[in-house]
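Hi there,

Here is the structure I promised to pass on. Please have a look at it, and then read on for what turned up.

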Amino acid sequence: MDILRQHEIAEAGHRILNPFTDDKLMLLGEVCRLGPGQRHLDLACGKGEMLSRWADVYGTVGEGVDISEVFLAAAHERARELGVSDRVTFRHGDAGKDVPADASYDVVSCIGATWIGGGLAGTVELLRPALRPGGLLLIGEPYWTATPPTGVPAELAEFTSLLGTLDRLEAAGLSLVEMVLADRDSWDRYVAAQWWTVDAWLREHPAHPDADDMRRYLDQCRRTHLEYQREFLGWGVFVCRDAPGRSEVSGDST
């Protein structure tokens, strides 16, 4: 079964497609010192909750790119609901390829989808050409809070500690200026709410061709979260700028 389809089913009841609560999402906007008219590009924007809420509260102008037409439909509906459709736009596309390189955005983000660039460093390079000098890069990324148990999936084993994440950001030429981290309860709310949604979907569609895959998905999600995710895996958004002197060192004229 297609992984994207799994997430479209499992996160059907979510507005925020990561382990952030609404309070954490708005705190992130606050620490970024957002203001009216600032331009924000969000890659792999999901249902666009961040773009729409920030446009509503802080007056930003947002643009989102995502590969899921299901999520984008929800994003358009949310923008209309909040009355910000004139300030927020969404495009269907591959967020790993469909990136403007005009250095015109005040904020460029990829929240929890660094797979689009093959990891953190590659995603930074995807985001950077769209960012104006002095702008903010927002990277959402898991990190290990302690040494993970053996046998974790390969896609999780590639993450590092919180300090290791700082090292990776600095190696990519970034300076970490702020961060907002999820906590165990917000992890529970993100993951356990999916259990309910998938269970309800299975009850409604017991003979669906995807039902067996979704049953396996549900079982795996429960066991993964309870065995080690809530205990050992953190998640946060890291607020960064290009490190001082990077443009001079790299020869970048911008």
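Helix α9 takes in residues 211-232, and in this predicted model its 22 residues reach 30 Å from first C-alpha to last. That is close to the 32 Å expected at 1.5 Å a residue. Even so, α9 bends by about 55° at His225. His225 is also one of the buried residues of this helix, together with Ala211, Met214, Tyr217, Leu218, Thr224, Tyr228 and Gln229. The cover over those buried positions includes α1 (3-10), β5 (131-144), α6 (154-157), α8 (184-204) and β7 (233-242).

As background, nonpolar side chains in soluble globular proteins tend to be buried together.

Is Leu136 buried or exposed? Leu136 counts as buried because its relative accessible area is 8%, under the 20% cut-off. Not counting residues up to four places away in sequence, Leu136 touches Cys32, Asp106, Val107, Val108, Leu131, Val177, Val239, Cys240 and Arg241. Leu136 and His40 are 96 residues apart in sequence, yet their C-alpha atoms are 9.4 Å apart in space.

On annotation, an unreviewed UniProt entry lists residues 37-143 as "domain: Methyltransferase". In the model, that span is 30% helix and 34% strand, and its end C-alpha atoms lie 33 Å apart.

Finally, a word on confidence before you set anything up. The mean pLDDT of the protein chain is 94, with 96% of its residues at 70 or more. Over residues 248-254, however, the pLDDT is below 50, and this stretch has three contacts in the model beyond near neighbours in sequence. Where pLDDT is low, the predicted coordinates should not be read in detail.

Best wishes

How values were computed:
Residues numbered from 1 in each chain as written. Predicted model: local features only at pLDDT ≥ 70, side-chain atom pairs only at ≥ 80, totals over all residues. Heavy atoms only, no water. pLDDT = per-residue confidence, 0-100. Contact = heavy atoms within 4.5 Å. Helix = DSSP H or I, 4+ residues; strand = E, 2+ residues; numbered from the N terminus. Expected span 1.5 Å × (residues − 1). Bend = angle between axes of the 7 residues up to and from the residue. Buried < 20%, exposed > 50% of the residue type's maximum accessible area, 1.4 Å probe, protein only. UniProt positions renumbered as here; feature names shortened; annotations may be inferred.
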